[in-house]
Amino acid sequence: MQKPCLKEAKKRTNNMVFTKNYQIDESLKTLGIGKKYFIRTYGCQMNEHDTENIKAILEDMNFIETNDMESADLILLNTCAIRENAHNKVFGMIGRIKHLKEKKPNIIAGICGCMAQEEVVVDEILNKYNWLNLVFGTHNIANLPNLLKKVYDGEKQIEVYSIEGDIIEEIPAKRDSKYKAWVNIMYGCDKFCTYCIVPYTRGKQRSRKMNDIIKEVQELKNQGYKEVTLLGQNVNAYGKDLDSNYDMSDLLEAVANTKIARVRFITSHPWDFTDKMIEIIKKHDNIMPYIHLPLQSGSNRILKLMGRRYTKESYLKLFNKLKEIPNVAITTDIIVGFPGETEEDFQETLEVVKTCKYDSAFTFIFSAREGTPASKMIDNTSLEDKEKRLHKLNEYVNKYALKANQKYLNKEVLVLLESKSNKNDFLMGYTENMKLVNVKADSKFLGQIVKVKITDVKTWSMDGEIILPNTK
Ligand code: SAH
Ligand code: SF4
Ligand code: F3S
């Protein structure tokens with residue numbers, strides 16, 4: 001048994017990061033024959049991509065995917081630890097699995113992802129949910145075949161490393177989409193914002209080598225993919241941990257030069273955004289004009305307590321530079337009710353929102369996470385007041401999101417049609433600057449980037465009609 005350890009997870013050393021290749025023993029490839037798996041994913045794109053890896057590993061072992069948990073032989077929850085409500089959802093689901101397991105004791109159930117990296121969570125599992133068969137961490141995904149072998153041999157498995165982490169290349173992926181793909185460019189995070197649990201659950205910042213990333217993008221392009229999203233908690237810091245002379249702007253340019261149709265990247269911490277990056281974005285038509293630039297707070301006092309390393313003024317300066325990128329859309333993340341946030345601090349956040357008029361924003365109430373510095377800060381604002389702030393903030397966010405969309409009414413945009421929409425006869429996709437559009441179009445257009453005329457706009461989506469080349 002290898003349990004997670006918060007003390008270890010907090011450490012950062014200069015230890016070498018090893019790059020290894022994924023390997024699976026041939027004998028394990030028959031383990032899943034005749035068995036179905038169900039996996040539910042919580043959290044961010046990184047977790048979604050980890051799930052794509054886990055699915056491919058399981059299918060390499062001949063498990064078959066099912067969307068019906070009741071009929072599964074193996075149930076996995078890929079969890080998120082970012083806020084209390086993500087945590088609660090998972091424990092709710094564990095309760096449901098318990099009922100199933102009472103009816104079908106042979107079901108194998110396990111959890112992985114960021115909650116598995118939390119010492120308190122694994123202790124709780126051992127105390128209260130000891131019937132779970134498997135717990136594995138974000139650094140242990142590549143070892144899943146061996147862990148499952150032991151589980152099927154009747155041994156409960158807990159394997160969560162709290163080491164800073166290595167890089168495993170060549171993990172297969174069963175991608176959700178045939179047209180757009182996630183590509184990890186780095187793992188972990190060293191920023192240690194005081195509220196955030198990610199540096200403890202994902203380990204230290206480890207960048208993949210540029211050649212490995214370009215090879216993956218090139219392969220995706222050859223397979224017909226139209227879009228890649230370069231993933232990292234803090235992509236602008238890409239390469240800083242490598243013994244090399246390239247950085248995020250060089251990587252962006254190299255990815256753009258593969259000529260894949262669309263290149264995106266998330267998330268950008270304002271601290272590491274360089275002028276050179278902005279120039280590269282402007283220079284290449286296939287780097288999409290969409291930037292997610294988390295603000296978190298508009299009060300310098302709170303930003304300092306959050307350990308964000310920028311001020312309202314430097315944020316706005318960067319924001320204005322980014323606004324010069326033609327047709328750019330900028331979105332953000334904001335936390336209200338950070339410990340000690342006063343009504344005046346909150347008003348400062350609102351002022352920034354009124355200035356920036358974001359295309360959209362994810363807004364959250366602060367949630368204390370075990371082991372983070374902010375969880376020990378004195379917090380004397382009532383939940384009721386925090387909810388009022390969130391509500392007020394969302395009024396502005398929604399207003400500006402609608403306004404940003406309204407600019408597109410009757411205009412032409414380019415949309416990559418990626419799947420059927422919930423609306424009959426409609427397909428859905430995103431514009432270059434990440435606006436969701438439902439397009440009345442035949443499904444033969446799936447996977448194509450088409451010209452669309454916007455016919456209706458709402459706060460979170462737009463409707464449009466395809467403009468065929470010969471109707472222009
Ligand atoms: N790496 C990204 C953020 C990843 S987490 C960045 O630094 O920009 C996504 C968002 O969740 C954060 O931007 C933050 O707004 C929110 N978040 C993180 N920890 C939180 C906490 N403890 N309580 C509330 N919101 C939190
Ligand atoms: Fe968390 Fe900050 Fe790292 Fe983002 S940059 S993952 S908010 S510690
Ligand atoms: Fe959640 Fe882990 Fe992502 S905590 S937001 S799944 S990095």
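**A strand and its surroundings**

Strand β12 (residues 227-231) joins β13 through five bridges, and the two run in the parallel sense. This is a predicted model: local features need pLDDT of at least 70 and side-chain atom pairs count only at pLDDT 80 or more, while totals for chains, interfaces and linings use all residues. Residues are numbered from 1 along each chain as its sequence is written, chains are lettered from A and ligands numbered from 1 in the order in which they are written, and side-chain values use heavy atoms, with hydrogens and water left out. Strands (E, at least two residues) and helices (H or I, at least four) are DSSP runs, numbered from the N terminus. Two strands pair if DSSP finds at least two bridges between them.

Go residue by residue. L230 stands opposite F265 in β13. Strand β13 spans residues 262-266, and five of its five residues are buried. Buried means under 20% relative accessible area, exposed over 50%, and partly exposed in between (1.4 Å probe, protein chains only). In a regular strand, side chains alternate between the two faces of the sheet. Here both faces of β13 are covered. R262, R264 and I266 are buried on one side, and V263 and F265 on the other.

What follows the strand? The peptide bond from I266 to T267 is cis, with omega near 0°. T267 itself belongs to the loop between β13 and α9 (275-283).

Now the ligand. A residue is near a molecule if one of its heavy atoms lies within 4 Å of it. The residues around ligand 2 include Q233, H269 and R308. The shell also takes in C189, K191, F192, C193, Y195, C196, V198 and P199. By class, this shell has seven nonpolar, two polar and two charged residues. Ala, Val, Leu, Ile, Met, Phe, Trp, Tyr, Cys and Pro count as nonpolar, Asp, Glu, Lys and Arg as charged, and the others, Gly among them, as polar.

R202 is buried, at 9% relative accessible area. Contact means heavy atoms within 4.5 Å. Leaving aside neighbours within four places in sequence, R202 is in contact with M46, N47, D50, C114, T138, H139 and G188.

Next, the open sheet. Its six strands run in the order β3-β2-β4-β5-β6-β7, with parallel pairing. β3 (64-65) and β7 (157-159) stand at the edges with a single partner each, so one side of each has no neighbour in the sheet. Strand β6 (residues 134-136) pairs with β7 over three parallel bridges. L134 has Q157 in β7 as its bridge partner. Helix α2 (residues 45-60) packs on this sheet, touching β2 (36-41), β3, β4 (74-79), β5 (108-113) and β6. The direction of α2 makes about 175° with that of β2. Helix α5 (residues 144-152) lies across β4, β5, β6 and β7, at about 160° to β6. Axes are lines fitted to C-alpha atoms, for helices over the stretch in contact, and angles run from 0 to 180 degrees between N-to-C directions.

On to the helix pairs. Helix α11 (residues 312-322) packs with α12 at about 10°, the axes being 12 Å apart. That makes α11 roughly parallel to α12 (under 35 degrees; over 145 is roughly antiparallel, 65 to 115 roughly perpendicular, and the rest oblique). K312, Y315, L316 and F319 in α11 meet E348, V352, T355 and C356 in α12. This contact has five nonpolar, one polar and two charged residues.

Helix α12 (residues 343-356) also meets α13 (residues 383-406): their axes come within 10 Å and cross at roughly 5°. α12 and α13 are therefore roughly parallel to each other. E343, F346, L350, V353 and K354 of α12 touch R389, K392, L393, Y396 and Y400 of α13. Those residues divide into six nonpolar, no polar and four charged. K357 sits in the loop between α12 and β16 (360-365). Phi of K357 is near 45°, a positive value in a residue other than glycine. At 44% relative accessibility, K357 is partly exposed.

Strands β18 (residues 426-431) and β19 (residues 436-440) run antiparallel and share five bridges. M428 has N438 in β19 as its bridge partner. N438 is also one of the contacts of S461, with N405 and L436, neighbours within four places left aside. S461 lies in the loop between β20 (449-457) and β21 (462-466). S461 is buried, at 13% relative accessible area.
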